[in-house]
Each structure stands twice: as C-alpha cells, then as structure tokens.
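User: Hi! I'm new to reading structures, and I'd like to learn about pockets and sheets. Could you walk me through them?

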Amino acid sequence: MLRTVRFMTSDEAVPTSTEAPARHVNHVFFMLVRTTPTWLALTPTERFAFLGEVIAPILGRHPDVSMRFFDSEAFHAGYSDVVMWETETLLSYQAIVEELRETSFWGHYFEVVDIVASIENAYARHYAVDAL
C-alpha cells in the first residue's frame, strides 16, 4: 500500500494539542551486550541448553514482550551482540530485566554494556502526523 506523507514547512504551525492520538506506544530497547570468556567456553549444545532452560521460560512468562538477537562482534569492539526488546508494556520489560539479573545471563555469560530505550515513531505521536 502506498501512502503519501506530507511534511510541514518551517513557516507552518506545529500542532499544539496535548491530546495524543489514540495509537499504541511501542517501546523498543536495544540491550548492548558483550559475551564473556565463560560463554565462549561453552559448546554450542550447552549454550542452546541454557537458552532453552533459563531464557525461554522467562520469555514465556511475558508474552507481551518480543526479543530479537543480533550478532555484532564483527562490526563493533565494545559489544558483541544486540538484544532488541519490543513491548507496549514497560512493566513486562522491566520484569524480564529483573529476572535476567537473577540468572547467569547477566554478568556471568554476558556483560550488559548499555541499554538504549526508544519509542517507535514518537515524533509522529508528538506532532499528530502519520509515521513514515
């Protein structure tokens, strides 16, 4: 489906309504992590067993949060992977982080370097326009 998007010119007034459009708010968190030598010493079978036995149940308790995993060690020296979390429910994301902190994921197998929080298409919500 093709959609036409109109951009405002600099002399047009920015909408000043404080009433946000009735749209969902999709929060996206980019967790930048670095694998530890302990993780790298595990065999692939042991790594997948950990993911299945420890991480999968945490994700299963929070079906309103999705997770995607990206390898980045070939492109950045400060972190090796990016875990992307998406949710409309901040408390569910926070619960996952709290649960991860109580496992070997956090600090033992992976060092959490940074977490970048974002809101998908926040500009569109703010200016009451369609997102690109």
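User: Which element gives the largest share of the lining of the largest pocket?

Analyst: A pocket is an open set of points on a 1 Å grid over the protein atoms alone, where a 1.4 Å probe fits and protein lies on both sides within 12 Å along at least five of seven lines; lining residues have an atom within 4 Å of a point. Here α2 gives the largest share, 7 residues. Helices (H or I, at least four residues) and strands (E, at least two) are DSSP runs, numbered from the N terminus. This is a predicted model: local features need pLDDT of at least 70, side-chain atom pairs count only at pLDDT 80 or more, and totals for chains, interfaces and linings use all residues. Residues are numbered from 1 along each chain as its sequence is written, and side-chain values use heavy atoms, leaving out hydrogens and water.

User: How many residues line the largest pocket, and which lie nearest its centre?

Analyst: The lining has 20 residues, and W39, L51, F69, D81 and F110 lie nearest the centre. Elements giving two or more residues to this lining are α1 (37-41), α2 (44-60), β2 (65-71) and β3 (81-87).

User: What is the strand order in the open sheet?

Analyst: Strands of a sheet pair through backbone hydrogen bonds, either parallel or antiparallel. Two strands count as paired if DSSP finds at least two bridges between them. This open sheet of 4 strands runs β2-β3-β1-β4, with antiparallel pairing. Its edge strands, each pairing on one side only, are β2 and β4 (110-119).

User: How many bridges join β2 to β3?

Analyst: There are 7 bridges between these antiparallel strands, β2 and β3. As a spot to look at, F70 stands opposite V82 in β3.
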